[in-house]
Every structure is written in C-alpha cells, then in structure tokens.
Amino acid sequence: MIRWIRVAVALVLALALSASVYWGYTLFLLATGLIVFGVAYGWPRLTDSPQPRATSIMLGLFGVAGLIAAFRDDAAPYLDWLPVLAGLGLLWTFVQNLTRGIGASDAVANVSAQVAGVVIALSASTWVAAITVPGDKEAIVVGLVSLIVAGCMTALPWPAIYTSPLAIAMSTAVAGILAVLIFKDALSWPVSLALGAIMGLLVAGVDRMLGLIAYSQYQAVSLEIAQNIELKKSVEKARSFAVQLALGATPIALGGVVVYSLERIAF
C-alpha cells in the first residue's frame, strides 16, 4: 500500500497544476512551488543525505529561484537563468560537502545525489516556461494525465517487467483518447501519442531507477544514533513518507521538461 502514497502525491500535484493552468500564472506558480517543496523535502531522505536539512534548504532555495526566474522571463526560451542557477547549485554542493571534512565517507555518492536533486528541483521551472509559451495549454493537461496513469500502473503489485510496459502503453492510450475525444481542435493525435509514450517511459524509468532506493538499507544518521526500537520505528515511518513524497514529485518535476520541449518543437 505504501507505493500508492507516491501516486497520491503525484495526483495532488497534477490536480493543482491542471486546475491552475487556466486561472492565471500566479496560481500556477504556487502550484509548481508544491513540486519544489516535495522534491526539496523528500530527496535528501530518499538518498540518505548526511546533511538532510541543509540539503533541503539548498534544493528549496534553488527550486524557488528557478520558478521566479522563469516567471519573470518574458522572452523565449524563458529559461535564460537556468544554466546560471545550475552552476551555482553545483558550486554550493561542493562547498557544502567540503564542510564535512576531507575524509568524510561516501563523499562522491553524496555529491552526485545532491547534484541530481538540484537538476530535478530546477526542472520544475520548465512548467512555468511551458505555460508561458504562446498557444493552447492542452499539452500540459494531457501530459499530467499521462503521468498519473503511468504512476498508477507502476504502483500495481506486479513485477516491473509487467508494470513498466503497461505504464507506457496505458499512458499512450489515454493521451490518444484525450486528443481524439476532448482536445481534437487543439492537439493532434500523433503529438499526443508521442507525449503519452514519453511520459510513460519517464515514470517507468523513475520507478526503476529510484524506486529501488526506497527499499535499500537505511544509512541515515538519525537511524544510527537511535537507541530504542520505538524511536527507530518513528524515524523509519518519517523516512518512508519522505521517500514516497520524493518519488511522487520527481516524475511531475521532470515531466515539465517533456511538455516544454514538445511545445517548443511541435507548436
């Protein structure tokens, strides 16, 4: 049942984005802020960062900075400041890990995980860029629905050899149905099918690459210093929720890259 938490998280984020896409940029910006919060809080716990609070603060600051930069950029490609923020995030990551000392354990793994978190947090700003691109916004809605359908397939209690192809097939089918029955005047069915397939592949990939980490051995410092079973259980529950929060928010954040790229190419 715990796998369905990530689906619930993704559903809440997708509904927030879908509902606000027609209500103005400000509400949409606030909705994307929820994605940044989910990644910022959950990612350090998913990757067992030795500095979870500092990492959460860093991811939150850079994620919000990316949203504001994309929101205030009124000229294409609307993401001019993203490379600068990515470079600053990389620099911050190295400095933060240097504060642990030269002989700190698992330094390379922690730096790599933190850099990946910066990329994912900044990816949320592509949703803001996608809504800024002139034209209809049906691609955003179709992309979000495809993400949710694919997430539901990967949450089924079956081996990944079945759920991954099913996620791609179902998200593609649902995207095609939406294009034919609902958005036929705004979104062509070939583009919609391509969008659904890519979203399904994205969700399946995240589930395979990151989902296994959720069941790895805990390395968090808070678990190591726990002296009794009850404290360990409470820490494990908190970490489990944070892990599912990250797994639910990550595909949504990365999905913005797909929608934005498709809008720039196909429209």
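Start with the stretches labelled "transmembrane region" in the unreviewed UniProt entry: residues 28–44, 56–72, 78–95, 107–133, 139–158, 165–183, 189–206 and 241–262. Colour them however you like, and keep in mind that you're looking at a predicted model.

Now pick out two of those stretches. Select residues 139–158: this span is 80% helix and 0% strand, and its end C-alpha atoms sit 30 Å apart. Next, select residues 165–183, where the chain is 89% helix and 0% strand. Here the distance between the end C-alpha atoms is 25 Å.

Zoom out and switch to cartoon view. How many helices and strands does the protein chain have? You'll find 11 helices and 0 strands, so following the chain along its sequence gives α-α-α-α-α-α-α-α-α-α-α.

Time for a pair of helices. Select α2 (residues 25–46) and α5 (residues 107–123): their axes come within 10 Å and cross at roughly 170 degrees. Angles over 145 degrees count as roughly antiparallel, so that's what α2 and α5 are to each other.

Which residues meet where these two helices touch? Show side chains for V36, V39 and W43 in α2, then for A113, A116, G117, I120 and A121 in α5. The residues of this contact divide into 7 nonpolar, 1 polar and no charged.

Last stop: show the surface of the whole chain. Of the 267 residues, 51% count as buried. Among contacts with a separation of 6 or more, 76% come from residues 24 or more positions apart.

Conventions
Residues numbered from 1 in each chain as written. Predicted model: local features only at pLDDT ≥ 70, side-chain atom pairs only at ≥ 80, totals over all residues. Heavy atoms only, no water. Axes fitted to C-alpha atoms, helices over the stretch in contact; angles between N-to-C directions. Helix = DSSP H or I, 4+ residues; strand = E, 2+ residues; numbered from the N terminus. Parallel < 35°, antiparallel > 145°, perpendicular 65-115°, else oblique. Contact = heavy atoms within 4.5 Å. Nonpolar A, V, L, I, M, F, W, Y, C, P; charged D, E, K, R; others polar. UniProt positions renumbered as here; feature names shortened; annotations may be inferred. Buried < 20%, exposed > 50% of the residue type's maximum accessible area, 1.4 Å probe, protein only.
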